[in-house]
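Please look through the chains below with an eye to how they meet one another. The paragraphs that follow go from the interfaces to the annotated spans and then to the build of a single chain.

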Amino acid sequence: MNSVPLSAYLVLALILFCIGLYGALTKRNAVIVLISIELMLNAVNINLVAFSKLGPAPSISGQIFSLFTITVAAAEAAVGLAILMSLYNRRKTVNVDEMDQLKH
Amino acid sequence: MDLLNSYQNNYLIVFVFLCLGILLPIVALFLGKLLRPHKPEEAKYTTYESGIEPFHDSRIQFNVRYYIFALMFVIFDVETVFLYPWAVAYDKLGIFALIEMLIFVIMLAIGLIYAWKKKVLRWM
Amino acid sequence: MSLSGEMIAFILLSLVAIIGGILLINLTRVVHMVIALVFTFISVAGLYVLLSAEFLAAVQILIYSGAITIIMLFGIMLTRHNDTSEKTAGVWRKLLLIAGIAGFGLASYAGIYNLDIPVQETKLHEDNTRQIGMALYSDHMIPFELTSVLLLAALIGAIILAKKDDEKKEGEES
């Protein structure tokens with residue numbers, strides 16, 4: 001009856017996580033690095049929700065966990081972009097490989 | 001199990017709406033492309049600036065001030081997400097959840113008052 | 001494996017999600033990358049519906065494809081750059097990275113590919129939002145209040161960071 005197995009969701013989440021990891025490590029633009037991290041968090045959320053329905057002890061807690069994850073992701077994106085803009089105003093760059101100094 | 005099936009079948013309607021929503025603009029734009037005359041001219045491709053001659057690129061850098069409005073939209077969007085299940089389950093939760101939610105809202109109201117006092121809410 | 005409606009929906013949604021991710025890697029203009037990722041976010045919302053998490057699907061669309069995409073676009077518009085993200089990383093470095101990520105992927109895949117957990121019937125799809133509300137405001141009360149502190153800290157911190165630049169720029173202009 002229930003045709004989609006748990007491992008299908010886990011493999012999909014794994015693929016999305018790998019894509020996000022690759023993007024976060026290769027892209028030079030800091031905005032794209034941030035959004036790749038959002039993609040990785042999204043993959044983790046798929047895992048949490050999949051286990052909340054198809055796991056060994058199904059309960060609503062998995063969904064609540066991912067609700068908190070989404071909240072933290074939103075706060076992280078907001079602060080990350082504010083830091084990025086502050087850095088951009090000093091250094092006039094958004095490329096992560098040029099941000100290699102601790103002083104300004 | 002029947003309930004699960006009817007739950008999933010409900011989303012077929014959502015799927016149909018989604019398809020219509022995607023197809024409608026594509027078909028409309030495609031038909032428009034077929035029907036309209038195609039006469040490219042130099043003047044048609046310049047940036048529109050209320051009739052005056054354009055003097056710079058259409059992509060200019062925006063002021064940082066606008067970012068703060070986007071930021072506050074995100075934060076209060078998240079607040080709405082937490083308000084919704086509280087409102088749905090309110091009749092079962094009672095007064096204690098009301099106090100919890102009051103603390104939550106006051107916390108975010110502090111942030112709003114801070115932004116107001118720092119004068120970042122002014123448009124100009 | 002029979003091809004039920006649920007399976008077809010899963011295949012379609014996961015295809016859209018993966019294509020969005022691949023476009024994120026391959027497109028050159030930054031704005032297009034962000035738009036490509038919106039497709040991934042929306043199809044992940046569809047997957048949440050399949051997993052009987054209706055409320056989370058709504059939250060996904062509201063926060064990810066609404067709010068986070070909007071502030072990412074603001075971030076792109078506010079930081080003026082040459083609009084393309086050209087890749088200059090060396091070929092060897094990139095190959096090494098791909099090898100590392102593939103190794104990680106294979107190691108995880110070996111762990112999950114024949115994971116067999118007996119499926120139990122759940123009541124998650126009945127009054128999903130009410131269930132979340134009941135659990136969130138009784139069992140998970142402290143994390144919920146901590147969330148408000150986190151959001152407050154994020155709001156104030158981001159305002160301070162953005163405000164300082166604004167003042168500095170005005171000082172330069174006048």
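Where chain C meets chain B, 40 residues of chain C are in contact with 39 residues of chain B, two residues being in contact if their C-beta atoms, placed from the backbone, lie within 7 Å. On the side of chain C that touches chain B, helix H3 (54-78), helix H5 (128-136) and helix H6 (141-173) each supply at least two residues, and H6(C) gives the most, with 16 residues. Helices here are DSSP runs of H or I with at least four residues, strands are runs of E with at least two, and both are numbered from the N terminus. Sorted by class, this side of chain C has 26 nonpolar, 6 polar and 8 charged residues; Ala, Val, Leu, Ile, Met, Phe, Trp, Tyr, Cys and Pro count as nonpolar, Asp, Glu, Lys and Arg as charged, and the others, Gly among them, as polar.

This is a predicted model, in which local features need pLDDT of at least 70 and side-chain atom pairs count only at pLDDT 80 or more, while totals for chains, interfaces and linings use all residues. Residues are numbered from 1 along each chain as its sequence is written, and chains are lettered from A, and ligands numbered from 1, in the order in which they are written.

Chain C also meets chain A, in a contact that takes 60 residues from chain A and 72 residues from chain C. Helix H1 (6-26), helix H2 (30-54) and helix H3 (61-91) of chain A each supply at least two residues of the side that touches chain C, the largest share, 22 residues, coming from H3(A). By class, that side of chain A has 42 nonpolar, 14 polar and 4 charged residues.

For chain A, the unreviewed UniProt entry gives the annotation "transmembrane region" to residues 6-25, 32-52 and 64-88, in the numbering used here, and such annotations may be inferred rather than shown by experiment. In the model, residues 6-25 of chain A are 100% helix and 0% strand, with the end C-alpha atoms 29 Å apart; residues 32-52 of chain A are likewise 100% helix and 0% strand, with the end C-alpha atoms 30 Å apart.

For chain C, an unreviewed UniProt entry lists residues 6-27, 34-51, 57-79, 91-112 and 142-162 under "transmembrane region". Residues 142-162 of chain C are 100% helix, and their end C-alpha atoms lie 30 Å apart. Chain C as a whole has 6 helices and 0 strands.
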